[in-house]
Amino acid sequence: MHTSATPDVMQHYTTYSDVVSDIITWLSAAAEKAVKSGVEIFSIDPGIGFGKTVKDNYTLIARLREFSSLGYPLLIGLSRKSFIGKTLNIETSERDNPTMTLEFAAMLKGANYIRTHNVRNAVMAKELYKNLVTHV
């Protein structure tokens, strides 16, 4: 998973020349290191919310398909994240439905795995997604 720094200071490091390209480069190097260390099965995660601005998070979701160029399954964790609360001016307890909307968008953009707090909502989103793609 990408992060710009340790959790205590990561939000002070949110400057990228191109957030997607920079993170793809970082994840590519991390994946190469994992493979050289003998790790055979893993997924990549752009690290939504970890050293990213609100705009960065939306850019990552919108351009998620670009991460497929690395050739690894893509995991996304955006459940109840603060950028949702900042966008909609809502508390954590109100973020499950907006989370499901973004999780569905992430599925459409190529996410293979979803890390979520509300499994029931994610399963419903996955079922709708499966029905959508089988009828195209």
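The model is predicted: local features need pLDDT of at least 70, side-chain atom pairs count only at pLDDT 80 or more, and totals for chains, interfaces and linings use all residues. Residues are numbered from 1 along each chain as its sequence is written, and side-chain values use heavy atoms, with hydrogens and water left out.

**View 1. Order of elements and overall dimensions of the protein chain.** The protein chain holds five helices and two strands (DSSP runs numbered from the N terminus; helices are H or I with at least four residues, strands are E with at least two). Read from the N terminus, the order is α-α-β-α-α-β-α. The radius of gyration is 15 Å, close to the 14 Å given by the globule rule for 136 residues, so the chain is as compact as a globular protein of that length. This radius is taken over C-alpha atoms, and the rule is 2.2 Å times the number of residues to the power 0.38. Along the principal axes, the C-alpha atoms fill a box of roughly 40 × 35 × 25 Å.

**View 2. Surface and contacts of the protein chain.** Of the 136 residues, 35% count as buried (under 20% relative accessible area; exposed is over 50% and partly exposed is in between, with a 1.4 Å probe and protein chains only). The chain exposes about 8,100 Å², and carbon and sulfur atoms supply 56% of this area (Shrake-Rupley method, 1.4 Å probe; for residues, only the protein chains shown count as cover). Among contacts with a separation of 6 or more, 65% are between residues 24 or more positions apart (contact means heavy atoms within 4.5 Å).

**View 3. Surroundings of H2.** H2 counts as buried because its relative accessibility is 5%. Its side chain makes a polar contact of 2.9 Å with the side chain of K52 (a pair of N or O atoms within 3.5 Å; within protein, one must be able to donate a hydrogen and the other to accept it, and residues adjacent in sequence count only if both atoms are side-chain atoms). Beyond neighbours within four places in sequence, the residues in contact with H2 include Y16, W26, D45 and F50.

**View 4. Surroundings of T6.** With a relative accessibility of 46%, T6 counts as partly exposed. The side chains of T6 and D8 are joined by a polar contact of 2.4 Å. F50 is 44 residues from T6 along the chain, and their C-alpha atoms are 8.9 Å apart.
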